[in-house]
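Colleague: I have this one open now and would like to go through it with you, a piece at a time. Could you start with the helix you were looking at?

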Amino acid sequence: MRSFALLLTLAAPLAAQAPLHQQIAEIAKDAKGTVYVACSLPGTALDCGLNEHGHPPMQSTFKFPLAMAVFHQIELGKLQLDQPARFLKSDRSVTYSPLQEEFPEADVDVPLRKIIKLTVETSDNTAADIQLRLIGGPAVLQQYLDSLGLTAIHQQDNERAMHADHKLQYRNSAEPTAMVALLRLFADHSPLNKEHTALLNSWMLEATSSPQRIKGLLPAGTPAAHKTGSSGEESGMIPATNDVGLITLPAVAGRPERRLALAIFVTDAHADQATCEAVIARIAKAIYDAAVTKAR
């Protein structure tokens, strides 16, 4: 497997002056699969769309809208942020979960705040399923998304079900433009209160999963609130390598802070994981550079 650094070095000759859409399309070829891209910066036209109305599998990027839905339930008074949430033995599964590593026997109360934080920051699958159980299942998450007008984001299954039958990941999908619309809504006119918006944003900024994707080539110190999604390799193919998020652009005197929303999904790739992640990093950097140039 080629190293991430080497892949970026090999990518350097890409013509910086080529139109953004062309740059993205050329980079995407390296994934040997299908790449979906959408982005948005208010007041700035960015020709970044690539298969932007397709429906790639979300994998764990769904945990961003899931956290929003849980905070919505808290604001409705149905849940409390610091209430004890029972981690049941039946919640355990063979999947990635720092929560499960900490409490391997389960049958313990954990503050809901911690469960949400683990889901967003570390992409904890068991913690995500606990939240889905607490709000009433994937159908309730879907109802929340529909209420926001985001019917092109589809969540039908929990993590346990998707791990048991990998084909299900393809029906838990998001149109890239819809995911960007959700990011834009969260950044500009959040349906959550200020406290919860700030808390979720801080956890996405501190996310530890796959920092070499959207954040991989950004200038050091650039704030990027993001949520990744990954399927792992299956029979020589990688169904999903994803990242969605909000990048804060450099400050411009006399202008308010501007945040670039973008969603990049790499689907059914026959390249290796390092290449898929480098594709995301290079596309994110190309979009970031174009946004910075046009936002001056």
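Modeller: Gladly, and please keep in mind that this is a predicted model. The buried residues of α10 are H196, T197, L199, L200, N201, W203 and M204.

Colleague: What do the buried residues of α10 pack against?

Modeller: They pack against the helices α3 (63-75), α5 (112-122) and α9 (176-189), and also against the strands β4 (224-230) and β6 (259-269).

Colleague: How far apart are the end C-alpha atoms of α10, and what should the helix span?

Modeller: Helix α10 covers residues 194-205, and at 1.5 Å a residue its twelve residues should span 16 Å; because the end C-alpha atoms are 16 Å apart, the two values agree.

Colleague: And what does the side chain of N193 do at the start of α10?

Modeller: A side-chain oxygen of N193 comes to within 3.1 Å of the backbone nitrogen of E195 there.

Colleague: Take M179, then. What is in contact with it, apart from its neighbours within four places in sequence?

Modeller: With those neighbours set aside, M179 is in contact with M58, T61, F64, I153, A174, V244, A263 and F265.

Colleague: You mentioned α3. How many of its residues are buried?

Modeller: Eleven of the 13 residues of α3 are buried, and the helix is mostly covered. The buried ones are K63, F64, P65, L66, A67, M68, A69, V70, F71, Q73 and I74.

Colleague: Does burial separate them, and why would each count as buried or partly exposed?

Modeller: A106 has 9% relative accessibility and therefore counts as buried, the cut-off for buried being under 20%. D268, at 26% relative accessibility, counts as partly exposed.

Colleague: Back to β6 for a moment. How many bridges join β1 to β6, and do the strands run parallel or antiparallel?

Modeller: Seven bridges join β1 to β6, and the two run antiparallel. Within that pairing, C39 stands opposite L262 in β6.

Colleague: Why call β1 largely enclosed?

Modeller: Five of the seven residues of β1 (residues 34-40) are buried, so the strand is largely enclosed by the rest of the structure.

Colleague: Changing topic, where is Q131, and what is in contact with it beyond its neighbours within four places in sequence?

Modeller: Q131 sits in helix α6 (residues 125-135), and leaving those neighbours aside, Q131 is in contact with L66, A67, V70, I115, I116 and T119. Its relative accessibility is 1%, so Q131 counts as buried.

Colleague: And A278, buried or exposed?

Modeller: A278, in helix α11 (residues 273-295), counts as buried because its relative accessibility is 1%. The C-alpha atoms of A278 and I214 are separated by 9.1 Å, and these residues are 64 apart along the chain.

Colleague: Last thing, the whole chain. How many helices and strands are there?

Modeller: The protein has eleven helices and six strands. Its radius of gyration is 19 Å, close to the 19 Å that the globule rule gives for 296 residues, so the protein is as compact as a globular protein of that length. Along the principal axes, the C-alpha atoms fill a box of roughly 55 × 50 × 30 Å.

Colleague: What share of the residues is buried, and what share of contacts joins residues at least 24 apart?

Modeller: Of the 296 residues, 56% count as buried. Among contacts between residues at least 6 apart in sequence, 70% join residues at least 24 apart.

Note on methods. Residues are numbered from 1 along each chain as its sequence is written. This is a predicted model: local features need pLDDT of at least 70, side-chain atom pairs count only at pLDDT 80 or more; totals for chains, interfaces and linings use all residues. Side-chain values use heavy atoms; hydrogens and water are left out. The expected span of a helix is 1.5 Å times one less than its number of residues. Buried means under 20% relative accessible area, exposed over 50%, partly exposed in between (1.4 Å probe, protein chains only). Contact means heavy atoms within 4.5 Å. A polar contact is a pair of N or O atoms within 3.5 Å; within protein, one must be able to donate a hydrogen and the other to accept it, and residues adjacent in sequence count only if both atoms are side-chain atoms. Two strands pair if DSSP finds at least two bridges between them. The radius of gyration is taken over C-alpha atoms; the globule rule is 2.2 Å times the number of residues to the power 0.38.
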